[in-house]
Amino acid sequence: MISVFDMFKIGIGPSSSHTVGPMKAGKIFIELVSSKGLLNEVDELRADLFGSLAQTGQGHGTGKAVILGLMGEDPETVDTDAIDGILKHVSDSESLKLANGKIVDFTREHGIVYNRLINLEAHANAMTLYAYAKGECVYKRTYYSVGGGFILDEDEIAQQDASLAAPIISAPFDFHSANELLELCRKNGLSVSSLMMENEKCLADENQIKEGLWQIWMTMKTCIERGYQKEGLLPGGLKLRRRAPALYRQLKAESKTCNDPLKAVDWVDLFALSVNEQNAAGDRVVTAPTNGAAGIIPAVLCYYDTYVETVDIEIATRFLLTAAAIGILYKKNASISGAEVGCQGEVGVACSMAAGALTEIMGGTIEHVENAAEIGMEHNLGLTCDPVGGLVQVPCIERNAMGAMKAINASRMALRGDGNHKVSLDKVIKTMMDTGMDMRSKYKETAQGGLAVNIVEC
């Protein structure tokens, strides 16, 4: 069973696969070293990055994530304001202070090695962590960051089953396809969100689930509001100026005088831009289902909150549960990793999730929900992942704004229909995966194709 809290995780930017996942891997690794009774003799730690983690890892913050993870930090709780100081001390001292206070070597030469020309067969996002004692490796482990912050180690990846990353729990309404999901809903008289709630109750009681989802929504909303207030340039060589604060001031000034019937579009753009600028700056965001696509789902729910009715705990719960159900279908049957299938697996999946979720809280049937989710992906098929300079900025930030508007439009198109349509969600998920497998590797989060090579980095 994949939980809603697997699909939505509180972490830090700029990337779920390159930052959140590697930080979790680092923390898991050092805990394993400790559990094996090796920590007292270990005097040095090292990391090798491969594939996409190596090719775009410096721009995506993979190195800092590994360091923080090895030091015992967690993506959900790390103090984002303290990160720069921690990293500077590590660089200056060439050492790491572990969670138990022990100090070990972590040199500039060997601490992190970016193996840009080496790919491990199992997945494009791979890393091997090493623990040394007196010059000899006493323990090592390979981890794969398979998208959305999900981590599999070398044993789990061999099973090709992301559910092995967590305890196996049988859900009362187990589904592996959209068709199965719809049939279960029809047979049991449930909406998508209600069915998901019954499954989630295997893990916690209903009030706990609702409170957890409310916290997810509050984190999303706080991220949007913090983005309004942060002026200046985003980190990295592009010297990209934040747009959200100026746009917010402009829209607020026009709020009483502007009669533009499409002004809602500008606000949705703002919501998405704000989140993804925060993500690019390494601030706290919600992986939804990835960090590169973290702005779409919050922007769509904020659109509902602003233009339809105030989002309360019930609405937030239904929206996020429905979105998660759709995301689970992609996770089980395709991929949410840009390094594996391109940006269609990130922005495309987030758009599909948001479209279906909005449709449910707008009163759509389960057929409308499935149709909206299908439309959301169908018009993102083939979307490449080509970050300029290896940074989650261009085209990623604007792409979230476009994805949010596509999701809203997909929902409106579905709600105007009767739920019948030619292309099923299952078919479009399969097509997305097939397209990703056919896509040349340079268009899959390597910064070696597309805009990444046609835009001169400043």
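In this predicted model, the domain assignment divides the protein chain into domain 1, residues 16-158, and domain 2, which is made up of residues 178-202 together with 204-443. The C-alpha centres of domain 1 and domain 2 lie 29 Å apart, and the contact involves 19 residues from domain 1 and 17 residues from domain 2. Between them the two domains bury about 1300 Å², with 51% of that area on carbon and sulfur atoms. On the side of domain 1, the residues that lose the most area to domain 2 are S16, H60 and T80, which together account for 30% of what that side buries. The count of salt bridges between domain 1 and domain 2 is zero.

A UniProt record, in an unreviewed entry, lists residues 3-156 as "domain: Serine dehydratase beta chain".

The interior can be followed next. In soluble globular proteins, nonpolar side chains tend to be buried together. Here the largest nonpolar core holds 103 residues, and those touching the most other members are F8, F175, M220, I297, F319 and Y330. Helix 14, residues 313-333, supplies the largest share of this core, with 12 residues, while domain 1 and domain 2 each contribute at least three residues to the core. Leaving aside residues up to four places away in sequence, F175 touches E180, L181, L184, L195, M196, N199, A325, I328, L329 and K332. Apart from this core lies another one, of 28 residues, with L45, L49, L53 and L96 among them.

Terms used. Residues are numbered from 1 along each chain as its sequence is written. This is a predicted model: local features need pLDDT of at least 70, side-chain atom pairs count only at pLDDT 80 or more; totals for chains, interfaces and linings use all residues. Side-chain values use heavy atoms; hydrogens and water are left out. UniProt positions are given in the numbering used here, feature names are shortened, and annotations may be inferred rather than shown by experiment. A nonpolar core is a set of buried Ala, Val, Leu, Ile, Met, Phe, Trp, Tyr and Cys residues joined through side-chain atoms within 4.5 Å. Buried means under 20% relative accessible area, exposed over 50%, partly exposed in between (1.4 Å probe, protein chains only). Helices (H or I, at least four residues) and strands (E, at least two) are DSSP runs, numbered from the N terminus. Domain bounds come from an automatic or database domain assignment. Contact means heavy atoms within 4.5 Å. Buried area is the accessible area (1.4 Å probe) that two parts lose on being put together, summed over both. A salt bridge is a side-chain nitrogen of Lys or Arg within 4 Å of a carboxyl oxygen of Asp or Glu.
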